[in-house]
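Notebook open, model loaded. I'll jot things down in the order I look them up.

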Amino acid sequence: MSVDPSPRFTGDTPQRSTKSRPLRGSGTSAVEVRRSTRRSRTVSAYREGDRTIVLIPARMSEAEERRWVTVMLDKLAAQESKRILGDSELAERAERLSAQYFDGRARPTSVRWVTNQNTRWGSCTPAEGSIRLSHRLQGMPEYVVDYVLVHELAHLLVPGHGPRFWRLLEAYPRTERARGYLEGVVAADRLPHLPAARGE
């Protein structure tokens with residue numbers, strides 16, 4: 001998986017050999033990060049036997065490396081699971097999340113996927129009790145979809161984004177991780193899609 005059109009790069013020459021660590025909840029056992037001086041902006045990942053290979057530019061900081069490894073692992077997991085909830089399943093999920101985090105106080109009248117939200121992950125109309133999630137979330141890790149649902153459910157209780165709203169979101173334990181994932185997706189979309197160099 002890559003953030004540019006090339007699904008996999010095989011011509012990279014690693015500048016620094018690699019780092020391996022256990023994967024969380026995955027069937028593979030280690031992550032190998034390969035840094036390349038030939039790679040300037042793109043990040044990609046693929047499975048190789050029992051390892052996941054993540055290819056990054058040599059200039060990336062350690063913090064950026066950690067963030068991109070997490071983003072790419074999540075993207076691969078989402079791609080492999082390909083579990084897409086229908087509207088009725090989405091509504092049931094919202095009901096369970098409301099019960100779990102808001103004592104059932106957030107009661108949407110409708111929860112559905114929409115294809116006309118390309119700048120927002122979700123939206124809520126409190127007066128109508130309706131929640132809409134962008135189709136771009138389909139196939140993303142479940143905890144990310146759950147975060148957006150919890151976010152929109154919270155708007156049924158608190159319309160704005162003030163301190164009361166963010167205190168409600170603290171109930172969901174993966175808020176920061178989900179926000180980081182979505183920020184990574186947005187950042188990846190902003191990277192220029194350069195043609196692959198010869199040999200890649």
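Predicted model: local features only at pLDDT ≥ 70, side-chain atom pairs only at ≥ 80, totals over all residues.

**Entry 1: a serine in a helix**

In which helix is Ser 98 found? I looked it up: Ser 98 is in helix α2, which covers residues 87-102.

Next, is Ser 98 buried or exposed? Its relative accessibility comes out at 2%, and because buried means under 20%, Ser 98 counts as buried. I then checked what its side chain does with its polar atom. A polar atom of the Ser 98 side chain lies 2.6 Å from the backbone oxygen of Ala 106. I also listed the contacts of Ser 98, skipping neighbours within four places in sequence: Asp 103, Gly 104, Arg 105, Ala 106 and Leu 153.

**Entry 2: an arginine in α2**

Still in helix α2, I went to Arg 93. Is Arg 93 buried or exposed? With 12% relative accessibility, Arg 93 counts as buried.

Which side chains does it meet? I found a polar contact of 2.4 Å between the side chains of Arg 93 and Asp 146. The side chain of Glu 142 also makes a polar contact with that of Arg 93, at 3.2 Å. Leaving out neighbours within four places in sequence, my contact list for Arg 93 reads Leu 85, Glu 142, Asp 146 and Leu 149. I took the C-alpha separation for one of these pairs: Arg 93 and Leu 149 are 56 residues apart along the chain, yet their C-alpha atoms are separated by 8.4 Å.

**Entry 3: stepping back**

I wanted the overall layout before going further. I get five helices and six strands. Along the sequence the pattern reads β-β-β-α-α-β-β-β-α-α-α. The protein has 200 residues, and 46% of them count as buried. For contacts between residues at least 6 apart in sequence, 52% join residues at least 24 apart.

**Entry 4: the sheet**

In what order do the three strands of the open sheet lie? The order is β4-β6-β5, with mixed pairing. β4 and β5 are at the edges with a single partner strand each, so one side of each has no neighbour in the sheet. On average, neighbouring strands here are turned by 20 degrees against each other, ignoring direction.

Then I went through the pairings. β4 (residues 110-114) runs parallel to β6, over five bridges. Val 111 has Ile 131 as its bridge partner in β6. β5 (residues 122-125) pairs with β6 in the antiparallel sense, over four bridges. On that side I noted Gly 122 with Leu 133, Ser 123 with Arg 132 and Thr 125 opposite Ser 130. I also checked the hairpin of β5 and β6: four residues sit between the strands, and Gly 129 takes a positive phi near 75 degrees.

**Entry 5: strand β6 by itself**

How many of the five residues of β6 are buried? Five of five are, in a strand that runs over residues 130-134. I sorted them by direction: Ser 130, Arg 132 and Ser 134 point one way, Ile 131 and Leu 133 the other, and all are buried.

Last stop, α3 against α5. On the α3 side, the contact is made by Tyr 143, Val 144, Tyr 147 and Val 148. α5 brings Thr 175, Arg 177, Ala 178, Arg 179, Tyr 181 and Leu 182. By class, I have seven nonpolar residues, one polar and two charged in this contact.

Conventions: Residues numbered from 1 in each chain as written. Heavy atoms only, no water. Contact = heavy atoms within 4.5 Å. Helix = DSSP H or I, 4+ residues; strand = E, 2+ residues; numbered from the N terminus. Nonpolar A, V, L, I, M, F, W, Y, C, P; charged D, E, K, R; others polar. Buried < 20%, exposed > 50% of the residue type's maximum accessible area, 1.4 Å probe, protein only. Pairing = 2+ DSSP bridges. Polar contact = N/O pair within 3.5 Å; in protein donor to acceptor, adjacent residues only side chain to side chain. Axes fitted to C-alpha atoms, helices over the stretch in contact; angles between N-to-C directions.
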